[in-house]
Amino acid sequence: MSSETIPLAGPTSAAGQRGRRLRGQLARFITYVALCVLSTLFILPFLWALTASFKTNADIYRFPPSLLPQPVHAENYSLAVSVLPFWQFALNSAIISLSCVLGQLLTGSVVAYSFARLRWPGREFWFIVLLGTMMLPPQVTMISTFVGWTQLRTLTGVEWVDTFKPLIIPSFLGGSGVLIFLMRQFFKTLPLELEDAARIDGCTTWTTFWRVMLPLSRPVLATVAVLSFIAHWHDFLGPLIYLNSVDKYTLQMGLRMFQDINASRMNLLMAASMIVLLPVLILFFSAQRYFVRGIVLSGIKG
């Protein structure tokens, strides 16, 4: 009967484990330090804008600069919103952004589900076309799109330019190709057995989508809602092209007008910018849990 020698863990193996553990801790420490340094560099402009909104112009241009305002001038915010019809601009931005989010979620999810689950002639071809639209910057189609909206007045007798319609209607026709692709990738990660069980219970394709697949897609829907809201809330080029009346201006155009009128009052401009940024920050941090989960589970890697 042969006996095998079982190696025992000696001082060398214990020292090797301690060395690997120390190297792992050192690598994590270096990573955390690098992340803290980079995050500080990225957040410094925001902190400067935030503190500048509570300073006077003299304090902003003082050298050497001071980070904290001394004293705090909170009245900058009330002055900033009184220079221009700020709340009208905010209402216009809210109408456009929320309408686009609703249209993107309703129609974009249907398009994404059809690409992910349904089989119909030409599906792969049209999906390639969708991917092609993601590679074209909006500036390429900007002129032709504007001409198309202006020609609709001749065909329909209804005014389209200088209204919110060119900014909202595209979102109700599928919306952004990037967001459709994001939802499509998420739908492909859901188990096929859920749809099979729904069909056995007598559900139609629409019922399966509306009652089974869509409720399970809340993470990606929250992600799409946040990305769509941010894109339309901060959109400057679209309103600049299609809106001519001041009472229809959005916040981004209002900030530009504010800069033209009060270029020397940097403290009021920073205060107005902080107010414009506030809804985006609230939305992002409120939906951060769903946002991160939707990005992770969307299967963007393929």
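Guide: A nonpolar core is a set of buried Ala, Val, Leu, Ile, Met, Phe, Trp, Tyr and Cys residues joined through side-chain atoms within 4.5 Å. Buried means under 20% relative accessible area, exposed over 50%, and partly exposed in between (1.4 Å probe, protein chains only). This is a predicted model, in which local features need pLDDT of at least 70 and side-chain atom pairs count only at pLDDT 80 or more, while totals for chains, interfaces and linings use all residues. Residues are numbered from 1 along each chain as its sequence is written, and side-chain values use heavy atoms, without hydrogens or water.

Visitor: Which residues have the most contacts inside the largest nonpolar core?

Guide: Contact means heavy atoms within 4.5 Å. The largest nonpolar core has 28 residues. Those with the most contacts inside this core are F86, W233, L251 and V276.

Visitor: Which element gives the most to this core?

Guide: Elements giving two or more residues to the core include α1 (11-52), α4 (86-116) and α14 (266-286). With eight residues, the element that gives the most is α14.

Visitor: How many helices does the chain have?

Guide: Helices (H or I, at least four residues) and strands (E, at least two) are DSSP runs, numbered from the N terminus. The chain has zero strands, and its helices come to 15.

Visitor: What is the radius of gyration of the chain?

Guide: The radius of gyration is taken over C-alpha atoms, and the globule rule is 2.2 Å times the number of residues to the power 0.38. For 302 residues that rule gives 19 Å. The chain is more spread out than a compact globule, because its radius of gyration is well over that value, at 27 Å.

Visitor: Which peptide bond is cis?

Guide: Most peptide bonds are trans. P71 lies in the loop between α2 (57-60) and α3 (75-83). With omega near -5°, the cis bond is the one from Q70 to P71.

Visitor: Is D162 buried or exposed?

Guide: D162 sits in the loop between α6 (138-156) and α7 (165-168). Its phi is near 65°, a positive value in a residue other than glycine. The relative accessible area of D162 is 18%, so D162 is buried.

Visitor: How far apart in space are L44 and L67, C-alpha to C-alpha?

Guide: L44 belongs to helix α1 and is partly exposed, at 42% relative accessibility. L44 and L67 are 23 residues apart in sequence. In space, their C-alpha to C-alpha distance is 9.9 Å.
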